[in-house]
Amino acid sequence: MKENVFDVLIYLFENYMDDDVELTPDPDMIRTELLEAGFPQTEVNKAFEWLESLTEHNAIKPVSSPAFRIFSGQEIAKLDAECRGLLLFLEQSGILTPASRELVIDRVMAFNEETISLENLKWVVLMVLFSQPNEELAFARMENLVYESLPNYLH
C-alpha cells in the first residue's frame with residue numbers, strides 16, 4: 001500500500017482537526033501513532049511541514065475589489081481544467097474569497113506531486129478554510145461538498 005502525504009493529512013484532519021477535540025495532542029505522540037498505523041516516515045514529515053506552513057500564513061485578508069485569476073504554466077500543469085473549474089465555482093459561490101483561493105493554490109503547489117486530483121483539492125480547500133478564523137460558514141459548506149462526494153466505505 002503506497003501511502004502519500006494526502007493520506008496522512010486526511011487522517012490527521014479526520015482525527016485531530018475537529019472542533020470537538022479540546023486538548024492539543026502532543027505532536028510526537030501523533031507522529032508515533034501515524035508510524036504505528038503504517039504511514040511512511042517521509043510522508044509523515046512532509047504532512048507536518050505542510051501543516052506548519054499553513055499555520056505560518058496569517059489570517060487571510062479579504063480583498064475589497066473583484067479579482068481575476070490567470071494561472072501560471074506550473075499551476076495549469078498541476079491543476080487540470082476540472083480542478084481550476086472547481087476553484088472558480090467555489091469562488092463564485094462564496095465559499096472561497098480571492099485571498100483564500102490564493103492560499104489554496106499556494107498549499108497545492110507545495111505538494112511534491114505532478115498533478116492534484118479533484119478529491120485531494122477538495123480536502124486542501126477544507127483544511128485551508130478550517131485553519132482560518134471567521135470561515136465557519138464557508139468551511140461547513142465545503143465540508144458538505146467533500147463528504148457528500150466520498151464513498152461510504154471511508155467513514
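Helices (H or I, at least four residues) and strands (E, at least two) are DSSP runs, numbered from the N terminus. The structure is a predicted model, in which local features need pLDDT of at least 70 and side-chain atom pairs count only at pLDDT 80 or more, whereas totals for chains, interfaces and linings use all residues. Residues are numbered from 1 along each chain as its sequence is written, and side-chain values use heavy atoms, with hydrogens and water left out.

At its start, a side-chain oxygen of Asp 80 comes within 3.1 Å of the backbone nitrogen of Glu 82. Just after helix 5, Gly 94 adopts a positive phi of about 85°.

The view may now be widened to the whole chain. The chain contains eight helices and zero strands. Of its 155 residues, 39% count as buried. Among contacts with a separation of 6 or more, 70% are made by residues 24 or more positions apart, where contact means heavy atoms within 4.5 Å.

The buried residues of helix 7 include Leu 121, Trp 123, Val 124 and Met 127.

Aromatic side chains provide a further way to follow the structure. A search of the whole structure finds seven aromatic pairs. Rings of Phe, Tyr and Trp (its six-membered ring) pair if their centres lie within 6.5 Å; planes under 30 degrees apart count as stacked, over 60 as edge-to-face and the rest as tilted. The rings of Phe 13 and Phe 130 have centres 5.6 Å apart and planes at 80°, so this pair is edge-to-face. Because Phe 13 lies in helix 1 (residues 5–16) and Phe 130 in helix 7, the pair ties together parts that are 117 residues apart in sequence. Phe 13, at 4% relative accessibility, counts as buried, whereas Phe 130, at 28%, counts as partly exposed.

Phe 13 has another partner in Phe 139: their ring centres are 6.2 Å apart and their planes stand at 55°, so the pair is tilted. Since Phe 139 lies in helix 8 (residues 136–149) and Phe 13 in helix 1, this pair ties together parts that are 126 residues apart in sequence. Phe 139 counts as buried, at 14% relative accessibility. Phe 13, Trp 123, Phe 130 and Phe 139 form one aromatic cluster.

A charge sits over a ring if NZ of Lys or CZ of Arg is within 6 Å of the ring centre and within 35 degrees of the ring normal. Arg 31 lies over the face of Phe 48, at 4.1 Å from the ring centre. Likewise, the charged end of Arg 69 sits over the ring of Phe 71, 5.0 Å from its centre.

Arg 69 is located in the loop between helix 3 (41–56) and helix 4 (73–78), and at 18% relative accessibility it counts as buried. Its side chain makes a polar contact of 2.8 Å with the side chain of Glu 75, and another of 2.5 Å joins the side chains of Arg 69 and Glu 102. A polar contact is a pair of N or O atoms within 3.5 Å; within protein, one must be able to donate a hydrogen and the other to accept it, and residues adjacent in sequence count only if both atoms are side-chain atoms.

Methods:
Buried < 20%, exposed > 50% of the residue type's maximum accessible area, 1.4 Å probe, protein only.
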